[in-house]
Amino acid sequence: MGDVVQMHFSTVDYVIFAVLLVASTGIGLYYAFSGGRQRTTQEFLLADRSMRCLPVSLSLLATFQSAVAILGAPSEIYTHGTQYWFLGCSYFLGLLIPAHIFIPVFYRLRLSSAYEYLELRFSQSVRICGTVTFIFQMVIYMGVVLYAPALALNAVTGFDLWGAVLAMGLVSTLYTALGGLKAVIWTDVFQTIVMFAGQLAVIVVGTHQAGGIAEVWRKAQNGSRISGLDLNPDPLERHTFWTLGVGGVFLMLALYGVNQAQVQRYLSSRTEKEAIMSCYAVFPCQQIVLTLGCLMGLVMFARYGEESPLDKGYVKTNDQMVLYFVMDVLRDLPGLPGLFVACLFSGALSTISSAFNSLATVTMEDLIKPHVPVMTEARATLLSKMLAIGYGLVCLAMAYLASLMGSVLQAALSIFGMVGGPLLGVFCLGMFFPWANSTGALVGLASGLVMAFWIGIGSFVSRMATSAPPVINATIIPDVGNMTTAVMTTLITTKPRPTGVQALYSLSYMWYSAHNSTTVVVVGLLVSFLTGPWKEKDLNPGTIYPVLGNLLFFLPQRYKEKLCCVTPLEDKSKVLDHQPYQMAQKEINGVACTKEEDKIREEEGVQITAQPTCNLAHTVQETAL
């Protein structure tokens with residue numbers, strides 16, 4: 001039956017799809033041969049810290065909005081109703097906290113890698129553990145992001161599977177390796193526009209064919225797809241206001257607060273103020289993206305009702321259902337199916353290129369530079385480009401492995417989703433709790449990862465081993481933090497509420513990040529107190545955000561001092577003078593202060609003295625406590 005309804009692209013569709021790939025490559029080539037031509041690591045990995053607010057905010061959005069989300073959100077709404085829309089409530093705190101806590105700390109320390117913070121705050125071993133954890137999660141995720149849309153496209157249109165995988169993998173590798181972060185950000189801007197255009201085209205045409213928006217709403221209401229506010233506090237319920245609105249905050253923090261792909265964009269901004277504004281600008285864009293996904297799901301329901309293409313056997317999985325709907329709605333409009341597929345692949349390209357760039361950065365800054373201190377700028381830049389290409393090839397290999405996994409695909413993405421929470425926990429431990437020490441951070445991170453894998457794998461195994469086969473609805477959950485959400489298998493059963501360990505395995509996937517990050521903080525603090533908590537004088541300036549001092553403002557000063565709650569967030573000039581890592585640009589003949597730092601100081605109103613602004617007396621050794 002599936003063969004009968006398989007649809008095919010017209011020539012115009014192929015042309016539009018090809019234009020997307022050519023334009024993305026063209027932007028990479030432009031930045032490879034213009035401006036500074038990516039000749040320094042600062043320019044290649046951080047866009048020379050010269051980016052404006054608008055492109056950075058659109059790039060932040062594009063990294064979040066992957067092909068998994070474009071395919072997953074409408075099918076989620078079609079199947080379960082609009083309850084998922086309440087995730088938008090978590091965006092407010094999920095972006096406000098990074099804007100006013102994480103960005104000021106990272107930006108004022110002038111880092112290149114988010115994991116440099118872990119060495120400044122704790123020790124080199126914590127930094128390496130954080131970096132390796134991040135690389136693990138990104139490598140797993142890249143292959144799936146590349147393979148999932150290509151598989152859906154192949155199933156519905158007969159589009160060559162490995163041709164699509166190779167096209168995406170090679171194009172994103174090419175422009176990332178040639179144009180650096182500047183090319184990645186500007187292609188993200190272009191791809192975001194394509195994503196919006198593709199989704200809007202489908203919604204407008206689909207709504208018109210269904211008889212107008214009022215008719216779409218009426219059918220959705222009659223089909224019980226318009227959900228009210230569900231205030232059930234049960235953490236085992238898959239989607240309620242609390243799991244989405246509160247649990248979602250932790251997912252957002254894991255992505256927008258401490259994920260290297262996003263932190264790198266903040267650090268590429270010209271000033272701290274522009275970095276914060278770019279985070280603010282993401283908020284309305286995300287609401288639009290979420291609304292578009294929900295609208296498309298409702299238009300799908302208005303077209304098919306309860307008899308979905310999945311039930312009729314036209315497609316095999318929910319993620320293929322969205323693409324089938326698009327080809328069905330736009331079959332008489334040559335070019336528009338190509339536009340939506342370009343939108344889908346834009347989501348994948350923006351995610352993959354961000355992953356390549358962030359992986360090249362953390363590998364270079366955290367694993368290579370500390371152990372090879374004497375390296376010329378030209379060699380470091382060339383090595384960074386080779387790393388980007390290397391990760392591109394790894395991504396293609398992971399896509400091949402994803403094709404062999406079959407049903408294990410969901411387990412692989414669950415593993416990815418479980419890693420974001422512990423990483424968030426170790427950053428929170430360092431930033432908010434001055435007495436946390438290096439041992440506490442290491443044991444806390446290990447405990448968080450063990451807990452995450454125990455719950456995730458235990459949940460997967462217990463569902464597979466259930467004796468009475470329940471109704472299974474394999475849903476690709478929209479990629480709520482591109483880099484922190486798992487594809488979960490949702491079981492719709494009428495079984496009694498689970499107890500004991502089974503209750504832990506039944507925890508809503510939206511609480512994973514909150515549960516695992518809390519585990520890291522609690523275990524980290526306990527171990528720190530047992531092994532000797534650090535004093536205020538032991539800490540590097542600027543590595544603590546004084547959240548406890550602000551919350552305990554009513555305590556007398558002497559108690560605040562005992563609790564290490566008096567450290568203010570260092571002002572820019574002090575942090576600039578204390579910073580041992582990125583304040584000086586390494587040149588062929590050694591280390592020199594850059595003019596860019598003085599320019600940034602002027603823009604942020606910091607007084608420039610006649611003395612050199614870089615304090616070169618500090619060494620890396622001083623930062624490891």
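A contact here means heavy atoms within 4.5 Å. This is a predicted model, in which local features need pLDDT of at least 70 and side-chain atom pairs count only at pLDDT 80 or more, while totals for chains, interfaces and linings use all residues. Residues are numbered from 1 along each chain as its sequence is written, and side-chain values use heavy atoms, with hydrogens and water left out.

**Exercise 1.** Determine where Tyr-147 lies and which residues it touches.

Solution. Begin with the element: Tyr-147 belongs to helix α7, residues 124-157 (helices are DSSP runs of H or I, at least four residues, numbered from the N terminus). Next, leaving aside residues up to four places away in sequence, Tyr-147 touches Leu-161, Trp-162 and Val-165, as well as Ala-399, Ala-402 and Ser-403. Finally, Tyr-147 counts as buried because its relative accessible area is 7%, the cut-off for buried being under 20% (exposed is over 50%, partly exposed in between, with a 1.4 Å probe and protein chains only).

**Exercise 2.** Describe the setting of Asp-234 and what its side chain reaches.

Solution. Asp-234 is placed in the loop between α9 (213-222) and α10 (241-257). With a relative accessible area of 16%, Asp-234 is buried, and its side chain reaches the backbone nitrogen of Leu-236 at 2.9 Å.

**Exercise 3.** Identify a stretch where pLDDT stays under 50.

Solution. pLDDT, the predictor's confidence in each residue from 0 to 100, has a mean of 79 over the protein chain. Residues 467-494 stay under 50 throughout, although the model has 95 contacts beyond four places in sequence for them. Where pLDDT is low, the predicted coordinates should not be read in detail.

Methods: Helix = DSSP H or I, 4+ residues; strand = E, 2+ residues; numbered from the N terminus. Polar contact = N/O pair within 3.5 Å; in protein donor to acceptor, adjacent residues only side chain to side chain.
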